[in-house]
Amino acid sequence: HAHIRAGLKAIIVTNRWPRNLAEYEIHEGIPVYRIAMRVPDGSFKAHVNARLTGGFIRHRLLTVLQDHRIDMLHVQCVSSNGAYAMHAKRELDLPLVMTAQGERTMDATNLYQRSEYMNRILRDLLEHADHITACSRHTLEDLEEYFGKPFGIRANVVYNGVNLPDFVQAARYEYPQPYVLGIGRMVAQKGFDTLLEAFGRVDSALYHLLLAGDGPERPALEQLALRLGVEKRVRFLGRCDRPKTAALFKGCSFFVLPSRYEPFGIVNLEAMAAGRAVIATRVGGVPEFVLDEQSGLLIPPDDPGAMAAAMGRMMEDHELRLQLGRQGLARARAFGWDSIAEQYRRVYAAAREHWMGKKAKPLTATGTM
């Protein structure tokens, strides 16, 4: 929306999955096209389907882009979309921006550890993108190590943003006890088992732990809560919509992110935007914006003892919670979407300059995939 206010047009082209999603809709004023971006990777059936339908799908994509007179491609989080974006770049001769969100390490299915095809797509994008951004310095350095050489002026960090009013103005979630909040996909990387272990060690019957989100690890986590004897003070809320999520942040005493790895950790930023103190693991890109003892407390991953100590400190020190919450909110204001959008506008200008050589031409439309 910040792009739209600046006079730029945008469309979104994304993978149609699950297949019952609409092929086309207008979402908040932005056209959204869903195309089955099949690739010859995985099962025998996937290979056959990609071979049979790939030509039609690529033609459909090019038609959409041409109908909207797109003159810039932006691949956001690389998957099968990368293969189709590279096809469009070559066929339509368009500049392309690639944004990495930690795909190599945070895909729950370990896509880049098991798929040579997807690694070829990622390397192709890294080689030919006119500009590369990453959600953190840590993620960008990981990509450079993976690629085997630095990207130089062709790359920079653009942090993820947050819609501040959603959290600053949110109503508090009504709950009868003070509560600690954890939120995210319930997969091994997120470390919710460590959070439960730590919560079981904290000497406070006053606080409850609310866990929002879902995923394959949820049954095991529910069983762990039973084994630890904390099941009466732990609530598994399942998936929550955006208003409820904002209310949960606003109503919590403090927030904990126990991840074993995080390229960025947007939920930390959302908690900070709600004015809440944060405890987070010192992993990935998290320390680039959660500053220890300033906008939160940082602890090692996989260390329930350190996490329990930090939680106990937060529970006992009201002034510490207020101070970290105030400073976290001040820090979060630098990540508003208007600021992030301006950074991307500069990225688009740099990509166009790289694509054209020495002479740039006006940017009129952006296609996001």
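## Helix α3 and its surroundings

Helix α3 spans residues 80-92, 13 residues in all, and covers 19 Å between its first and last C-alpha, close to the expected 18 Å at 1.5 Å a residue (the expected span is 1.5 Å times one less than the number of residues). Helices here are DSSP runs of H or I with at least four residues, strands are E runs of at least two, and both are numbered from the N terminus. Please keep in mind that this is a predicted model, where local features need pLDDT of at least 70 and side-chain atom pairs count only at pLDDT 80 or more, while totals for chains, interfaces and linings use all residues. Residues are numbered from 1 along each chain as its sequence is written, and side-chain values use heavy atoms, with hydrogens and water left out.

The buried residues of α3 are S80, N81, G82, A83, Y84, A85, M86, A88 and K89. Buried means under 20% relative accessible area, exposed means over 50%, and partly exposed lies in between, using a 1.4 Å probe and protein chains only. Among the elements covering these residues are β1 (9-15), α2 (44-67) and α15 (337-356); contact means heavy atoms within 4.5 Å. Just after the helix, D93 adopts a positive phi of about 55 degrees.

## The parallel sheet

Now to an open sheet: six strands follow the order β10-β9-β8-β11-β12-β13, with parallel pairing (two strands pair if DSSP finds at least two bridges between them). The edges belong to β10 (234-238) and β13 (297-299); each has a single partner strand, so one side of each lacks a neighbour in the sheet. From one strand to the next, the twist averages 20 degrees.

Strands β8 (residues 179-183) and β11 (residues 254-257) run parallel and are joined by two bridges. L181 has F255 as its bridge partner in β11. Helix α13 (residues 304-316) packs on the sheet, touching β8, β11, β12 (278-281) and β13, and its direction makes about 165 degrees with that of β13. Such angles run from 0 to 180 degrees between N-to-C directions, with axes fitted to C-alpha atoms, for helices over the stretch in contact.

## Aromatic pairs

The structure holds twelve aromatic pairs. Rings of Phe, Tyr and Trp (its six-membered ring) pair if their centres lie within 6.5 Å; planes under 30 degrees apart are stacked, over 60 edge-to-face, and the rest tilted. Y159 and F335 have ring centres 5.8 Å apart and planes at 65 degrees, so they form an edge-to-face pair. F335 is buried, with a relative accessible area of 5%, and Y159 is partly exposed at 23%.
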